[in-house]
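Dear colleague,

Please find the structure below, handed over for your records. My notes on it follow directly after.

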Amino acid sequence: MSARNPGTELDLEWVSRVRVNTQAVLKRAQQVQGRKVVKKQWQAAWLLRAVTCIDLTTLAGDDTPSNVHRLCMKALQPVRHDLLKSMDMHEKGITTAAVCVYPSRVADAVKSMKVANSSLPVASVATGFPAGQTHLKTRLEEVRLAVADGATEIDIVINRTLALTGQWQALYDEIRQFREACGDAHMKTILAVGELASFTNVYKASLVSMMAGSDFIKTSTGKESVNATYPVAIVMVRAIRDYYLQTGHKVGFKPAGGIRTAQESLVWLALMKQELGDEWLRPQLFRLGASSLLADIERQIYHYVTGRYAAYHELPMA
Amino acid sequence: MADSRTRKVRDIFDSMESGPTSSGRPAAQAWLQSHSGSLGLFIDGSSVCPSDRQTASALDSSGESVCSALCAVDEDVSACVSSSAGGFKAWAALSCHRRAQVLRRLAAAVQKHSQCVSEVCDLFQPPSSPAALVRLVQYHAGWAQLRDLSIPDWSPRGVVAVVVSDDASVYCMWLKVLPALAMGNSVVLVSGPQMAPPSLLLAELCAEAGLPAGALNVLSGSDVSLAGKVVASTGISFLTYCGNKQDGEALCRQTAGWCVPVALSTSPGSVCPVIIFESADIDSALDSVMEAAFKKNREYQWVLYVQESVLDGAIARLKVRMAGMKAVPLLCEADRALVDEAVQEAHRQGATLIQPCPPAPSGALYPPTVLSGVAPSCQAVVSPAPGPILPLMSFRGSGEGITLANHSPFVQAASVWTEDLTLSLESVKSLCAGTVWLNSLAVMDPSLSLSGLKEVGNCTDGGREGLYQFLRPSASPPLRCFRPSQVDYATFGAPSPMVAFVPGGSDSSSPARVYQHLVGGRQSKAESGCSKAVRSAGGALLAHCPDGGPKDVRNAVEAAIKVQPSWARSPSARVQSLYSLAGSLEKKSRELAASVQTQTGVSLEEAEQEVELSVSRLCEWAARCDKERGGVQSLPQSGSSYSTAEPIGVVGVVLPDSKPLLSLVSLLGAAVAMGNAAIMMPSEKNPLPALEFIQVLLAADLPGGVVSIITGARDQLTKALANHSVIQAIWYWGSKEGCQFLQSSSPLRRLWLHPEEQENGERWTRPDASLLEEMWRQAVVWKSLWIPTA
């Protein structure tokens, strides 16, 4: 990963200056979606790049060691070898960026990776995921336990109560403590934008999270009614740019929840390229939180290589 | 790009470049091929392609010839104009419902062929989305349906010539043609070679929709001078033009003297300031302006004004956002030299360049460029060059931002960015622009008008307001054409040698009263110090009046611009002032009736009637002051939008000979009721009632300078009006030479010209609502305001 974001002091004056015009953001999002996406070999290349940015995720009540193992294996070989070979991409070491599981499954995932002799990062959600409505003490303990089990990336959720009531100082302090608890593990901060009421709050929460030392800011848990939408992403990447211009620290962005099609992943890449530049097109600074997206991308790549549409059983399942 | 097709997935994976975006234009090609690559004229319902005509090439954006367009000759023009006269009969005879039906079918046809329409538009001109065009047609189909219900007492003008220059957009062209058709006119569409393909396509779509033959004819020529021939064929009732300023002015001069009203929209090349206040969503503002400014076909020349307190942040963001941008194709190779020169000049005058990469040494590609800290005097700001150039200036406070933005003759629209409601509405009020976008830019809809101010044109397109240029009050007679006469523009209105009045003249027997005129709220003699004799119809000397000239006009304008802004601000104060004027007139009605009788020789009864009618006319205007303010428009997008009627500023009026008091009061009332200041030139022949009216004005409660009354020689005063640029509108009743002079000397002014041969004075006494409506519509400009919300 790239240099980490050390964070800064909380600058409440900066936070209070934030202005977001909702309709202008929506219009911008329409423009981004309205652009033509890349085609042919450009599409194939971009889709493979999208694969390398995926945090392949399973966050279900019925997760067991066996499906977590299958997920890890899929993460290591996300696209059929013969397809990669026909594009001369088989030596590029294409894997997803990480796998992402609940804290209690971290140990299983780490074990599977070890068996496969891979150093692919295992990410864990934490801090009372998805609602964050547990005591700070247990949330902190959760982070420490996940790190102890071998997770090298922690996706924390923020305390929406603090954000909605404008207690930015308290929010900052909490995230600071999570960051300490993470130690060397990279911290992705989930804003749960669907529950923040306004774009202005999303922008402010983004700034506070970055000041508190988040390495990534992430849209949603995937459990809210509204997930990763383009307008909300535009607000968050603008906050990332703002923070970068003010402090020189680069913070990553992770949209998550509801991203299912290859087409969408292309729009996400185009959005990042336009708003933040090529540097934010790599897993160091960009992740896609998804579970079913990979299957669709693989089918599109199959179509690019063979000119035919694959039946689901022709591609290995996760 | 030749090797781009062989790029490997591997390499793209590393570089993450975007692939080529443009694909072919199969539908447009197929359409052009169906005309075997050479487009003809469209006359009387079908495409005609006479073989022995010269052709001109239509070039696509890369400068390659796509097809050839025929250049019409005199024979074609006369065929076309006579077909249009027939077309007008057939089209106007249909019921509103039938006309609306045809237009609705046209909308369906555009939808059906949307791919072809979009590709043909795309091939040549600023792209217009088929969806926007469909909306435009549907909107006007609605007006076609409602014409007789909503706009009673108005009739179509007849045959309307719509002239488009090669740099006009298809949308602007349709915004002229569709309302003209919807109101029941027939249209002759005159275009250069570049606009010939979209024009012809429109005609074919109309034919498919069942428009009667001749209702829309298309002529193309090597340039817009063809329009002169069309006007000279004497079948045209109205000419309207959209395109660049030079061609528009030339066209105006060329057609002066035919007494065909001309309306110009010279929006291509006009300037649009974007004002970003510190209270703005700066990211959104910058994103929008970059989107609009850094593309090949720009609707406007954008100029960015940023409040100083947020300037550094704005520049830093621009740098980051622009870093990855690619060079943008220019419209043609020739533009490159202009762009280079503009950028170099700005650089010499202290501007800092922000570019993603330095420009290639030559060629029709130029990187997006921000000229930061450019001098306001710089050519890049005053009349911006084509190409992806964005001048940027800073301002201290909100007042200064607006002043800077207003300081250009070419402003058509403006965009204001702030989250502060009060500030935004104040800015909207003070901006001199036909369209103001709040926290948005470049949105358009046919229901909101696009008005030209200053040097951006003299007409209003779109919306309900835009319909009136294609209508005349049913009560006023249709126009007759005249042949232009030989007018020496240089000597027109030159002061005549001193024959006017010398001391010790012949009529010393009866001591005639010596009148003063009214300039800037005070009675005074003429600056020239000379007087003129006022004679009755029978030739008897009645009085002496000042022989006013340019200096008197100048003084009147100086006084007018001081008082007009506060006069415009309060409609309710205007109501009171005009009622007091009416009351004052009523008190002096005997004197006024006497003066009318003495001057014109009518019976006392008739004179008293004229005075009485004048009193009630003034009361009508007083009542109207706070009524005509525009309204809220409904739009397909969410948010609010308004069109408001605003005063023009200073209006110059040269009054007719007939009904000297009533015509004065009617026009004065229209001008000042809408918030303008008026400079009235009474009839040279019959000035007495106006001179008497000065006492009425002085006795009433009207701020000094709102109305000036200047007497003197008509031609000389007409010239004085034409030579003062502050006067934005001139209403003229007089000789056709005078009309010709005004049209050729002030093409971009709002001219309302009436050759006296055409007037019978009935206009003033008829009670028709449409005649009054025509007057107040002449006295206002329309401002559209967009407030989009989520």
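A:K254 touches A:D55, A:K188, A:F216, A:K218, A:R287 and A:G289, leaving aside residues up to four places away in sequence; two residues are in contact if their C-beta atoms, placed from the backbone, lie within 7 Å. This is a predicted model, in which local features need pLDDT of at least 70 and side-chain atom pairs count only at pLDDT 80 or more, while totals for chains, interfaces and linings use all residues. Residues are numbered from 1 along each chain as its sequence is written, and chains are lettered from A and ligands numbered from 1 in the order in which they are written.

A:K254 belongs to strand β7 (residues 252-254) of chain A; strands (E, at least two residues) and helices (H or I, at least four) are DSSP runs, numbered from the N terminus. With 27 C-beta neighbours inside 10 Å, A:K254 is buried, a term that requires 20 or more other C-beta atoms within 10 Å of the residue's own, placed from the backbone.

An unreviewed UniProt entry lists A:K218 and A:K254 under "active site"; such annotations may be inferred rather than shown by experiment.

Between the chains, 30 residues of chain B are in contact with 31 residues of chain A.

Yours sincerely

Conventions:
Buried ≥ 20, exposed ≤ 12 C-beta atoms within 10 Å, placed from the backbone.
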